[in-house]
Structure formats: C-alpha cells, structure tokens
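Thank you all for coming; I would like to walk you through one chain this morning. Please keep the sequence and the model open while I talk.

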Amino acid sequence: MEWDVRAYLALMAIIISIVTGIIIPLVRYIIEKYFRKAKVTVIPFGKTTFLYNTSGSYIKMKFSLDCRNQDIVVNNIKVKITTNRKTGKTETLYLDWENFEPVAFTWVGYSMANSINSSALARPVKIAKNSVEPFIVEFANNNQEAANDLSALREKRKGALNSFHDAKTKEASEENNWFNFRVPEVVVESFREMDDYAKFASEYEKYFFWEVGSYLIELVIDYDDNQKNEKQFTVEIDSTDEAKMKENIDAIILGTYKAEQNLPFIFNCLYKDLSK
C-alpha cells in the first residue's frame with residue numbers, strides 16, 4: 001500500500017511536470033500565436049512637413065508604430081488629405097509612400113551642417129511584437145496623369161529656358177559688352193516678363209493644394225493580410241501659409257536653370273503640428 005502511494009505521487013509529479021513544462025507553454029503559445037491579435041498604434045513625433053515643388057503638392061510625416069502581441073509586416077502606408085476649398089468644393093489629395101528618411105544623422109566634423117543625408121525607397125517592413133519602430137516617410141501624388149503632366153511640363157520648361165538662354169547669350173555676344181558676364185541673371189529677370197512664364201505659372205498652379213482652409217489627414221497603415229490601421233489628424237493653413245507656398249511657383253519655373261547657373265534659390269515649406 002505504501003508503495004502504491006509513492007507510485008501515485010510520482011505519477012502525479014510526472015503529470016504536473018508535463019502540464020507545467022509542456023502543455024501550459026504550448027497552450028500559451030497557441031493563444032499568443034493564433035488568438036491574440038496584433039495591436040498597432042500610431043504615435044506622431046515632430047512636425048509634419050508640407051511641400052510644393054516640381055513634384056506638385058505632398059507631405060512628409062514623422063511617426064512611430066507601436067506594435068503589440070504579434071509581429072507584423074507593414075505592406076503599405078497611404079495618406080488621404082481632404083479639405084473644403086474657398087469655392088465650397090471638397091477636394092481630396094491621395095498620396096502613396098515614396099521614400100524613407102533616416103531617423104539618425106551622420107555628420108563629419110563638429111557641425112551638423114556637414115551631415116550626410118540619405119533616403120531609401122519605401123518598401124514592406126517587418127516590426128517585431130512589443131516594439132516601437134520610428135518612420136520618417138515622404139509621400140508622393142499617386143495620380144499617374146498628374147505625374148505625366150508634371151514630367152511633360154518639366155521638359156517644356158527646361159527647353160524654353162535653354163532656348164531663351166541661348167538667345168540672350170547670342171545677343172550679348174553680338175553686342176560685345178559686359179552684358180555677357182551676367183547672362184544668367186538677365187535670363188531670369190527677362191523670362192519673368194515673358195508669356196511663357198505666365199503660362200507655366202498657370203499650369204503649375206493647378207497642382208497647388210495648400211490653400212487657406214481646414215484639412216483632414218487620414219493616415220492608413222496596411223499590414224499583414226488585409227489588416228488596416230487608420231489614424232485621422234486635422235491641421236489649419238492660413239493666408240500667410242498659402243502666400244509663402246505660392247512663392248514656390250517662381251522657384252519651380254526657374255529653379256533648375258538657376259541651379260545649372262549656380263544662382264541661389266529656395267523652396268519654402270510649412271512645418272505643422274497635427275491635431276488629433
């Protein structure tokens with residue numbers, strides 16, 4: 001009888017060890033793997049950059065993804081921006097992720113002015129469970145018709161300015177005076193008075209989106225198999241912001257030529273905090 005008790009206790013100990021050592025971890029693994037869904041949270045950091053240049057209107061966003069419970073693969077990130085125009089018409093800008101920028105900077109020497117900048121094409125990214133992954137994403141207009149039109153405008157603008165430059169260079173050569181030393185400046189000043197400049201300005205203004213108004217920004221994270229996380233933000237653009245961004249039209253038309261001729265130019269942008 002005493003042996004039977006010892007055997008029973010030994011058997012129970014074996015069963016308990018199997019349950020605690022194998023079955024419970026296995027059950028926990030199955031629950032973690034198949035029954036606990038991934039929880040993804042968008043955490044913005046830094047200001048959102050609003051841009052308008054030769055690529056049209058678009059934005060750059062800084063945010064982290066807090067991933068809980070499961071590893072995930074981020075397949076795509078999109079942005080939908082909606083606003084009510086001064087005309088009362090609602091317009092929407094659709095943007096797809098284009099580039100990743102580094103969240104850490106490398107620089108040579110003692111000044112960040114000597115930083116080495118880099119970027120990478122946007123592509124699917126795996127995020128480990130219970131981790132936070134930072135992103136700096138530059139988005140681009142996903143409208144192919146707009147991309148084709150902007151590309152064609154780029155070539156027309158370049159051709160028009162090159163022809164104008166050649167004409168002014170010939171004119172300066174024939175006059176044989178100091179004028180030829182400042183041909184690029186004269187080209188810029190004179191081209192602004194031409195009909196071509198006004199036509200290009202009108203064409204590029206079609207792709208200007210940042211007018212005065214309230215904007216709803218919807219950030220959509222596509223991950224795993226048809227899973228989505230959507231986050232909405234709002235932002236205001238005032239008349240000063242609009243005027244500042246419209247100044248870029250001159251840089252859009254003349255910037256490439258100025259760069260080739262080593263003349264200074266800048267593109268303005270807006271840095272905005274988003275409200276939830």
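Predicted model: local features only at pLDDT ≥ 70, side-chain atom pairs only at ≥ 80, totals over all residues.

Let me begin with isoleucine 81, which, leaving aside its neighbours within four places in sequence, is in contact with Ile59, Glu91, Thr92, Leu93, Leu95, Phe209, Trp210, Tyr215, Leu216 and Ile217, where contact means heavy atoms within 4.5 Å. Residues are numbered from 1 along each chain as its sequence is written, and side-chain values use heavy atoms, with hydrogens and water left out.

Isoleucine 81 also belongs to the largest nonpolar core, which has 61 residues, and Ile81 is listed there with Phe63, Phe139, Trp210 and Leu219 as the residues with the most contacts inside it. By nonpolar core I mean a set of buried Ala, Val, Leu, Ile, Met, Phe, Trp, Tyr and Cys residues joined through side-chain atoms within 4.5 Å; buried, in turn, is under 20% relative accessible area, exposed is over 50%, and partly exposed lies in between, with a 1.4 Å probe and protein chains only. Which helix gives the most to this core? That is helix 2, residues 144–175, with 7 residues, and here helices (H or I, at least four residues) and strands (E, at least two) are DSSP runs numbered from the N terminus.

For the chain as a whole, the secondary structure comes to 6 helices and 13 strands, and of the 276 residues 37% count as buried. Among the contacts with a separation of 6 or more, 69% are accounted for by residues 24 or more positions apart.

Threonine 82 sits in strand 4, residues 72–84, and threonine 92 in strand 5, residues 90–100; the two are 10 residues apart along the chain, and their C-alpha atoms are separated by 4.4 Å. Are they buried or exposed? Threonine 82 is buried, because its relative accessible area is 18%, whereas threonine 92, at 31%, is partly exposed. Again leaving aside neighbours within four places in sequence, threonine 82 is in contact with Thr90, Glu91, Thr92, Ser214, Tyr215, Leu216 and Glu218, while the corresponding contacts of threonine 92 are Lys80, Ile81, Thr82 and Phe209.

Turning to helix packing, the axes of helix 4 (residues 195–205) and helix 6 (residues 248–260) come within 10 Å and cross at roughly 120 degrees, the axes being lines fitted to C-alpha atoms, for helices over the stretch in contact, with angles running from 0 to 180 degrees between N-to-C directions. That angle is why helix 4 counts as oblique to helix 6, given that angles under 35 degrees count as roughly parallel, over 145 as roughly antiparallel, 65 to 115 as roughly perpendicular and the rest as oblique. In this contact Tyr197, Phe200, Ala201, Tyr204 and Glu205 of helix 4 meet Ile249, Asp250, Ile252, Ile253 and Leu254 of helix 6. By class, the contact has 8 nonpolar, no polar and 2 charged residues, where Ala, Val, Leu, Ile, Met, Phe, Trp, Tyr, Cys and Pro count as nonpolar, Asp, Glu, Lys and Arg as charged, and the others, Gly among them, as polar.

Helix 6 has a further partner in helix 3, residues 183–191, since the axes of these two come within 11 Å and cross at roughly 170 degrees, and helix 3 is therefore roughly antiparallel to helix 6. Here Val183, Pro184, Val187, Val188 and Phe191 in helix 3 meet Ile253, Leu254, Tyr257 and Lys258 in helix 6, and the residues divide into 8 nonpolar, no polar and 1 charged.

Finally, some backbone details in loops. Asparagine 130, which is not a glycine, has a positive phi of about 60 degrees; asparagine 130 lies in the loop between strand 9 (125–127) and strand 10 (131–141) and, at 48% relative accessibility, counts as partly exposed. Aspartate 224 likewise has a positive phi, near 50 degrees, in a residue other than glycine, and its place is the loop between strand 11 (213–223) and strand 12 (227–237), where a relative accessibility of 30% makes aspartate 224 partly exposed.
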